[in-house]
Amino acid sequence: MAGAGLQVVERGPPPSAFSGGNIGGVLKDRHEPTVGEQKILSEMRKRLTAMEAIRRTFEPAWYVNVAFYMGDQWVLWNRMTRSVWNPERQRHRVRHVSNVVVRHVDRWVAKMTKARPIVEAEPASDSEDDKAAARATEAFLRYAFVQTRYQQTLRAALKWAAVTGAGIIRPAWDWAAGEWRDVERYVPDAETGTILDMLSGKSIPMPQFKGDANARVRLPIGDIVNEVVSPLDFWWDADAYSPFMQRRCIERAFLPIEKIAEEWEQGRYVQPEKF
């Protein structure tokens with residue numbers, strides 16, 4: 001969501017200056033949000049507000065449960081600051097903690113994952129082609145189950161489910177995963193008139209290309225990965241009355257400021273203030 005704010009900001013300093021202090025810069029160029037962008041931003045803020053209102057009911061139990069799981073079992077929920085706080089300890093009292101929460105959670109997770117999930121694919125019809133496609137799908141899913149280490153991911157998600165009641169797994173494509181192969185570094189695209197640098201991911205106009213057209217690099221081919229999402233950083237669809245009816249969701253992610261400056265044109269959409 002850091003890059004979703006389309007407000008007008010100054011162009012910042014070069015990435016090497018993202019080291020500390022107040023970050024500013026000389027106003028060289030700035031982005032004027034269009035009417036369409038402003039409508040999108042307004043709609044996103046409206047949806048996020050509705051999502052936050054629904055999740056607010058569950059947050060006290062979530063944060064207290066996570067604190068108990070981590071062994072901090074003398075905390076209380078502060079309704080004013082909407083956060084957990086540790087009351088001041090009296091000198092004559094000893095706050096001993098015997099954390100049995102972890103043991104019970106691990107036991108429940110082991111019970112839920114002791115049997116491997118059964119993968120089944122139902123053919124669309126009685127034709128031999130559809131039956132063969134269903135068998136191929138089952139074989140691929142069994143391969144993906146092992147290749148992506150889904151069992152370990154499932155255990156981590158179930159721990160979140162035991163503590164907060166919500167376990168979320170997000171399949172994603174990781175370009176840095178998979179086997180490593182030797183590929184051509186520069187791939188021309190006749191339609192756009194550019195050359196794609198496979199190492200940096202940037203497109204270079206053909207008239208400006210000065211590299212070795214026959215250069216080769218060793219890169220991963222990419223693969224599917226299963227990632228566990230913390231429910232504390234996730235907001236679900238406010239209009240959905242079941243998990244299967246969700247059409248949208250929002251996940252909070254944190255990136256280093258150098259990565260933000262690299263991904264977005266620096267200072268035009270995102271500008272840090274204090275670090």
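Author: Just after helix H2, Gly71 takes a positive phi of about 100°, and H2 itself, residues 59–69, is the part to be examined here. The model is a predicted one, in which local features need pLDDT of at least 70, side-chain atom pairs count only at pLDDT 80 or more, and totals for chains, interfaces and linings use all residues. Residues are numbered from 1 along each chain as its sequence is written, and side-chain values use heavy atoms, with hydrogens and water left out.

The protein chain contains 6 helices and 11 strands; these are DSSP runs, helices (H or I) of at least four residues and strands (E) of at least two, numbered from the N terminus. Of its 275 residues, 25% count as buried, that is, under 20% relative accessible area, whereas exposed means over 50% and partly exposed lies in between (1.4 Å probe, protein chains only).

In H2, the buried residues are Glu59, Trp62, Val64, Ala67 and Tyr69. They pack against helix H1 (35–55), strand E1 (76–78), strand E2 (83–85), helices H3 and H5, and strand E10 (234–236). Contact here means heavy atoms within 4.5 Å.

The pairing of H2 with H5 deserves attention. Their axes are 8 Å apart, and the two helices pack at an angle of about 115°; axes are lines fitted to C-alpha atoms, for helices over the stretch in contact, and angles run from 0 to 180 degrees between N-to-C directions. On the H2 side, Trp62, Asn65, Val66 and Tyr69 meet Lys159, Trp160, Val163 and Thr164 of H5. The residues of this contact divide into 5 nonpolar, 2 polar and 1 charged (Ala, Val, Leu, Ile, Met, Phe, Trp, Tyr, Cys and Pro are nonpolar; Asp, Glu, Lys and Arg are charged; the others, Gly among them, are polar).

Arg149 lies in the loop between H4 and H5, and has a positive phi of about 55° although it is not a glycine. At 59% relative accessibility, Arg149 counts as exposed. Gln147, in helix H4 (residues 128–147), is partly exposed, with a relative accessible area of 41%. In the loop between E1 and E2 lies Arg82, which has a positive phi of about 50° although it is not a glycine. With 31% relative accessibility, Arg82 counts as partly exposed.
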